[in-house]
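Welcome! Here is a short briefing to read alongside the sequence and the 3D view. Have a look at the picture, then follow the topics below.

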Amino acid sequence: MHDPRVLLDPATDAVRKLARRGFVLDVASVESLLAARNSAIQRGDAARAEGKQVAAAVKGASTEERPALVERARELKATAAAEDEAQQAAEKQLNDLLLGIPNLPLDELPDGATDADAELVRVWGEQPTYDFTPLDHVDLGERLDVLDLPRAVKLSGPRFSVLRGQGAKLHRALGQYFLACAEEHGYTEVVVPTLVNATTMTGTGQLPKFEEDLFKTGVGDRDLYLIPTAEVPVTNLHAKETLALEELPLAYTALTQCFRSEAGSYGRDTRGLIRQHEFTKVELVRFVDPARSREELEVLLGHAEAVLRGLGLHHRVVKLAAGDIGFSSQITYDIEVWLPGQQAYREIASASDFGTFQARRAGIRTKAKDGSRGFAATLNSSGLPLGRTLVAILEQNQQADGSVRIPDALVHWTGFSELKPS
């Protein structure tokens, strides 16, 4: 969420920056509501100040003067209460407006609003070649008897999956490998709820704007939401807390189930494991000094890439266009893995710097040794999704005889080095 004064400061250039991501800033409404709030505060404070003076005067007033002074004190008390209500009403309207304004994209982002407008940063590894026609992961998974989509549809409908046998073991091994990589890079593992309240969802920007993308349930009279990513509970671990600036960065990782309704994506990626309603993912979250958030993003991106490099998976990194980044992000890198079955690069992880945007919403403050206060910067990246990584392993490591080679880094956890057709 934004500080309205910063949004209205010409030096921020908020109107231009937001226009780059297709958002029109309603400057007049921000100015009006901010002025209404500030005026109510000033009038309320003035009434309370005069009320104190009148109360002091009552003590020394004569019998004739006292009734008028007492009545004036009552009027001022009522005025202060009315102005407090006016302030709260204006504050709520202003906050509701601010909650719907996305983060300001950094100027370094390319123009555009689609993945075609992304800027190529680097490519790692050689694109695998084959002397046969490579299959996609669904055909491979069914031939290897590790993927059972028909039974998943029977259980839950489309966009769900069942993994079996060595496929299930490979999936579990990926989670163990990802967490081990995160630990090597200094992340503290946490186990967090996958059901969270509306305040938690609001803190990271999923609410109120994206409620249709969430699965909502409840316990008794409590409304709860299934998390779309561990970013939500992990970032909010420090909601309404003050962190010592010199102790940053703090780094956390979590392996959770994730749930997404995929509203607006019907007809896209309905085949296989690419776009599921429920999937498993390891998330990397960092709390950092805002002055270092941009360089910390490069550190985070390196940690996510290291996981893929350890698996030997060919991939590339792109910088998303200003109109294609997420609501809370000010800059995002996508890591895209090559899928020979689709003859295309597909996003497997996003590493984002949110600046202080999420911290303002969640109340994650900082205090320096000199006493100065501010808000933390938050960053997150997938590290990685288990399903999409499994897709990449199946497709990139397929062999002419229909088998699939398991990356050496996983054999310790799988106990086998290849998948063979049954």
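A residue is called buried when its relative accessible area is under 20%, exposed when that area is over 50%, and partly exposed in between, using a 1.4 Å probe and protein chains only. By that rule Leu390 is buried, because its relative accessible area is 2%. This is a predicted model, where local features need pLDDT of at least 70, side-chain atom pairs count only at pLDDT 80 or more, and totals for chains, interfaces and linings use all residues. Residues are numbered from 1 along each chain as its sequence is written, and side-chain values use heavy atoms, leaving out hydrogens and water.

**Leu390 and its surroundings**
- You will find Leu390 in helix α12; helices are DSSP runs of H or I with at least four residues, numbered from the N terminus.
- Setting aside residues up to four places away in sequence, Leu390 touches Leu163, Gly167, Leu170, His171, Leu174 and Leu273, where contact means heavy atoms within 4.5 Å.
- Leu390 and His171 are 219 residues apart in sequence, yet their C-alpha atoms are 6.8 Å apart in space.

**Helix α7 against helix α12**
- Helix α7 and helix α12 (residues 386–396) pack at an angle of about 115°, with axes 10 Å apart; axes are lines fitted to C-alpha atoms over the stretch in contact, and angles run from 0 to 180 degrees between N-to-C directions.
- The two helices α7 and α12 are therefore roughly perpendicular, a label for 65 to 115 degrees; under 35 counts as roughly parallel, over 145 as roughly antiparallel, and the rest as oblique.
- On the α7 side the contact includes Gly167 and His171, and on the α12 side it includes Thr389 and Ile393.
- The residues of this contact divide into six nonpolar, five polar and no charged; Ala, Val, Leu, Ile, Met, Phe, Trp, Tyr, Cys and Pro count as nonpolar, Asp, Glu, Lys and Arg as charged, and the others, Gly among them, as polar.

**Helix α7 against helix α10**
- Helix α7 (residues 166–184) packs with helix α10 (residues 293–311) at about 130°, their axes 10 Å apart.
- That angle makes α7 oblique to α10.
- Leu174, Tyr177, Phe178 and Cys181 of α7 meet Ala306, Val307, Gly310 and Leu311 of α10.

**Nonpolar cores**
- Among the 56 residues of the largest nonpolar core, Leu174, Phe178, Ile335, Leu410 and Leu419 touch the most other members; such a core is a set of buried Ala, Val, Leu, Ile, Met, Phe, Trp, Tyr and Cys residues joined through side-chain atoms within 4.5 Å.
- A second, separate core has 15 residues, including Val192 and Phe287.
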